[in-house]
Amino acid sequence: MDVNEVAAHYTPTIGEETTIPEDSVVKIDLGTHYNGLIADSAVTVSLSDKYDDLVYAAEEALEEALKVVAPGVPITEVGKRVERVLKNYNYQAVSNLTGHSIEYFELHGDVSIPNVQVNWDLGKFEEGKVYAIEPFVTFEGRPSKVVDWKPGGIYIVNKPRNVKDPEAKSLFDEINRRFRTLPFAERWLQDFMPADKLHLNIEKLVKLKALYEYPALIEVGGRPVSQAEHTFVVTKDGALVTTQ
Ligand code: MN
């Protein structure tokens, strides 16, 4: 297993010693917010020219998809555009990773934006709403999808829980205060609690289902994956990208 086939939802733990091997295709997916207004964006870095085209293809697919966005345009147009671009490269999109709508303090809203063609209605882009488009690209062959790998070190508050353990409770309160409904990594809390204690208490909270830990997602065939992503607001004139 290496970073090439890890498509999403993996972040280093505190003290992680894994290195990124030569020729790797590294997806860097960044999310941030200002008072609950979210920006979600990703780039892929190829450490050798071997996978340059894989990176370009994702970027081109994203760019082309952004061009079709306008109020009233069916969400499914994105998958059509992405597929058209990727066919030229002899690549395909990972079928079960999608773009998404974004709401106030909510990274993944109700709308999913597939990167492949689908034959059902997914609604239309709406003026004033915020979305992210993010094609994930891999080689042709059998249809591509991602499957769960190991826990990926990215957490989110699952539900309010009555946590009895005082240390775990103080951590849970702090997490709710700092991150509310947004995902976070363990290392962002190192200033609040020493690393060993922190890890123990986070595990406790996961066990109590107070926190949810996302599994890292890997390409089912072990193929390298690239990704490109932008967040945008839909205006009368089309997609106004907020992550450029
Ligand atoms: Mn996203």
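I began with the helix pair, and found that E167, A168, L171, F172 and I175 in α3 meet K197, L198, N201, I202, K204 and L205 in α4, where contact means heavy atoms within 4.5 Å. I sorted the residues of this contact into seven nonpolar, one polar and three charged, counting Ala, Val, Leu, Ile, Met, Phe, Trp, Tyr, Cys and Pro as nonpolar, Asp, Glu, Lys and Arg as charged, and the others, Gly among them, as polar.

I noted that the model is predicted, that local features need pLDDT of at least 70, and that side-chain atom pairs count only at pLDDT 80 or more, while totals for chains, interfaces and linings use all residues. Residues are numbered from 1 along each chain as its sequence is written, and side-chain values use heavy atoms, with hydrogens and water left out.

Next I looked up the axes of helix α3 (residues 166-179) and helix α4 (residues 195-207), which come within 9 Å and cross at roughly 85°. That makes α3 roughly perpendicular to α4, a term that covers 65 to 115 degrees.

I then turned to the manganese ion, which is coordinated by D40 (OD), H100 (NE2), E134 (OE) and E229 (OE) at 2.0 to 2.3 Å. D40 in strand β3 (residues 37-46) and H100 in strand β5 (residues 99-102) link distant parts of the chain, 60 residues apart. Both D40 and H100 are buried, that is, under 20% relative accessible area with a 1.4 Å probe and protein chains only.

Last, I located R187 in the loop between β10 (184-185) and α4. R187 touches T11, P12 and I14, leaving aside residues up to four places away in sequence.

Definitions and conventions
Donors = N, O, S within 2.8 Å, 3.2 Å for Na, K, Ca; no water. Helix = DSSP H or I, 4+ residues; strand = E, 2+ residues; numbered from the N terminus. Buried < 20%, exposed > 50% of the residue type's maximum accessible area, 1.4 Å probe, protein only. Axes fitted to C-alpha atoms, helices over the stretch in contact; angles between N-to-C directions. Parallel < 35°, antiparallel > 145°, perpendicular 65-115°, else oblique.
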